[in-house]
Amino acid sequence: MKEKTVNIGDVIFEMENVTKKFPGVVALDNIQFNLKAGEVHVLLGENGAGKSTLIKTMTGAHKPTEGTIKVNGEVVHIEDPIHAQELGIGAVYQEFNLVPFLDVAQNVFLGKEPKKNGVIDREYMIKRTKEVLNMVGSDIDPTVMVESLGVASQQMVEIAKALNADSKILILDEPSAVLTEKEINKLFEVIERLVKKGVGVVYISHRLEEINVIADRVTVLRDGQYIETVKVEKNNIDKNELVRLMVGRQLDDFFPKHDVVPGEEILRVENLSTHKLLKNISFSLKQGEILGIGGLVGAGRTELVKAIFGAEPADSGKIVVKGKEVTIRTPKEGILNRIGLAPEDRKLEGLVQILEIDKNINMASLDKVSNGPFINEQKFNSVAADMSEKLKVKTPSLKQLVCNLSGGNQQKVVLSKWLACESEILILDEPTRGIDVGAKVEVYSLMNDLAKAGKAIIMVSSELPELIAMSDRILVMHEGSISGELKKGDYSQEKILKLAAGEA
Ligand SMILES: Nc1ncnc2c1ncn2[C@@H]1O[C@H](COP(=O)(O)OP(=O)(O)OP(=O)(O)O)[C@@H](O)[C@H]1O
Ligand SMILES: [Mg+2]
């Protein structure tokens, strides 16, 4: 295609009457959408509304069933992501696309390795990878294997990869879901810089606070339908209005926390340590309590909850459940001690992608729906139906494979699985990551119900408003230790951030 001069404000991408059907689902129904050079255009909608499908049709990962797509005013048929890249469209998907057994630089240059005298120019790859990572404020070593990185770092690598391709259209599908405040701020600086240069950014997020900071326009989708495109004023969005457009009704309370009088101590950990990271972690937890754990990515929050559950056992220290010291070296022993962990990385640890929804939900609690070795099908089905109903998992059937669900709906299945388990100590690692505002309220209500029923909950969260609103007590971690404990009434974002940075 011939190069055109593009000015800020020009429409660089357009979708007219685009429809995308999957078996049993109309994911996009006659959608209008356009993107201008130099704007951040947010896609907003509940889980399963069609956001990811829309951007996948932008990148050729999906072909529209009907409709027209134009790039710089010309009709195009985007064949595949490589074709999209040639058209200047780059994307960071919700589910990552990195090759785990390659290093960071190899991933950033995948498929377009630079050559010098016929051989791959490894030196340049490393240098350039460092540069693009620096642009997003990250100091990840370009030569480490991607599989050794945590999710936040992997996200950074994905973003670096898109930046390296010098995209004119940059699509980010829930990038902040795995980043901390600090990293998000860095990302926003990068976006601002790109937008000033005329790049058009499509940004998906369920966090209204973020949209408030960076959006120029917001397009709302609901059930695959186009609802409205609104121009928004920076730092002055009408949150309630956007929620109303998104869910079709008002939401009165974003954080419905009920106070519960705590009961007996149910869990105590003493001096839990690992050679790798954790240093003498001690705390106790009572029935009915929701204990929040804050901190930066890498501070050891996930390591701590994995140690308690038995997924990555501690090297020393004690775990005491209901007054009795217990040995928890495997998840099975965790489950036997009535501990459940809904992990942060649903793709790797939370779900079996190629199994159906109902099997995933029942997976950790098969004994409850079985008579001896036989599964009681009626119970099995009713547990699956009940849990997915409670959390409003959006799917044409519970026999749908989990890999076909939208990101947020997968997260709901992870939660369903652990709720079905009836653990007495339920650990939720970033429970609302990637789920829409309406479903968040459902999750919070379920947490309330569980607490009221005497269960104890540990919630790891990077979302400060959620941590503050839903916790009865907050522990903050920094570099493998607990850097402070905050009592209810004494919380503030600053205090948490300071403790998280090890400054207090
Ligand atoms: N490959 C597929 N096969 C069958 N159905 C699919 C497939 N991909 C998406 N869907 C369905 O299309 C609908 C839209 O999904 P999509 O992933 O676009 O939602 P989303 O708005 O991105 O949601 P989320 O906020 O949860 O990420 C959902 O009902 C989903 O289950
Ligand atoms: Mg999505």
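Predicted model: local features only at pLDDT ≥ 70, side-chain atom pairs only at ≥ 80, totals over all residues.
1. Helix α4 (residues 122-135) packs against helix α5 (residues 151-164) at an angle of about 110°, and their axes are 9 Å apart. Since angles of 65 to 115 degrees count as roughly perpendicular, α4 is roughly perpendicular to α5.

2. Who makes that contact? From α4 you get Arg128, Thr129, Val132, Leu133 and Met135, while α5 brings Met156, Ala160, Leu163 and Asn164. Sorted by class, the residues of this contact come out as six nonpolar, two polar and one charged.

3. Now for ligand 1. It is surrounded by 21 residues, and Asn47, Ser52, Thr53, Ser406 and Gly408 are the closest. The elements giving two or more residues to this shell are strand β2 (25-36) and helices α1 (51-58) and α14 (407-420).

4. As for domains, domain 1 (1-88 + 168-183 + 191-252) and domain 4 (344-422) each supply at least three residues to the shell.

5. Finally, the whole chain. I'd note 17 helices and 24 strands for the secondary structure. The radius of gyration is 23 Å, close to the 23 Å that the globule rule gives for 504 residues, so the chain is as compact as a globular protein of that length.

Conventions
Residues numbered from 1 in each chain as written. Chains lettered and ligands numbered in written order. Near = placed C-beta within 6 Å. Helix = DSSP H or I, 4+ residues; strand = E, 2+ residues; numbered from the N terminus. Domains from an automatic or database assignment. Axes fitted to C-alpha atoms, helices over the stretch in contact; angles between N-to-C directions. Parallel < 35°, antiparallel > 145°, perpendicular 65-115°, else oblique. Contact = placed C-beta atoms within 7 Å. Nonpolar A, V, L, I, M, F, W, Y, C, P; charged D, E, K, R; others polar. Rg over C-alpha atoms; globule rule 2.2 N^0.38 Å.
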